[in-house]
Amino acid sequence: FLQICSHVFLQICSRVFLQICSHVFLQICSRVFLQICSHVFLQICCHVFLQICSRVFLQICSHVFLQICSRVFLQICSHVFLQICSRVFLQICCHVFLQICCHVFLQICCHVFLQICCH
């Protein structure tokens with residue numbers, strides 16, 4: 001009787017103990033695994049997301065900055081170039097016009113003077 005009882009008790013206890021232990025072990029392991037995995041996954045995702053966002057942001061910002069700077073630089077340069085060219089052109093034109101006018105005026109005056117003097 002003792003052997004039978006001990007055998008039955010051992011069978012029952014081992015099964016119960018196995019179920020309890022496996023359940024507890026599964027719960028503990030799943031929680032630990034979940035925490036570790038979620039932490040690792042979060043770290044990886046954050047790192048990847050940060051890398052992608054920083055690259056995209058950098059590309060967008062550099063493109064926009066380049067567009068703005070090139071437009072502003074072009075406007076400033078064209079304005080300055082226009083100012084310089086218009087002044088230079090005006091000075092050259094005035095100088096040439098003045099030279100021509102003086103020469104023509106002098107020619108006319110000399111001609112008129114000679115005409116008057118000769119008569």
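Tutor: We may. This is a predicted model, and the accessible surface of its protein chain amounts to about 11600 Å². Carbon and sulfur atoms account for 78% of that surface.

Student: What percentage of the residues of the protein chain count as buried?

Tutor: The general idea is a cut-off: a residue is buried when its relative accessible area is under 20%. Here, 0% of the 119 residues of the protein chain count as buried.

Student: How many helices and strands are there in the protein chain?

Tutor: The protein chain has one helix and zero strands. Its radius of gyration is 50 Å, whereas the globule rule gives 14 Å for 119 residues; the chain is therefore more spread out than a compact globule. Along its principal axes, the C-alpha trace spans about 170 × 10 × 10 Å.

Student: How many disulfides does a search of the whole structure find?

Tutor: The test is one of distance: two cysteine sulfur atoms must lie within 2.5 Å. The search of the whole structure finds zero disulfides. For Cys85, the nearest cysteine sulfur is that of Cys77, 12 Å away. For Cys102, the nearest is that of Cys101, at 7.0 Å.

Student: Why does Cys85 count as partly exposed?

Tutor: The partly exposed class lies between the buried limit of 20% and the exposed limit of 50%. Cys85 counts as partly exposed because its relative accessibility is 34%. Cys102 is also partly exposed, with a relative accessible area of 45%.

Terms used. Residues numbered from 1 in each chain as written. Predicted model: local features only at pLDDT ≥ 70, side-chain atom pairs only at ≥ 80, totals over all residues. Heavy atoms only, no water. Buried < 20%, exposed > 50% of the residue type's maximum accessible area, 1.4 Å probe, protein only. Helix = DSSP H or I, 4+ residues; strand = E, 2+ residues; numbered from the N terminus. Rg over C-alpha atoms; globule rule 2.2 N^0.38 Å. Areas by Shrake-Rupley, 256 points an atom, 1.4 Å probe, with all protein chains shown as cover.
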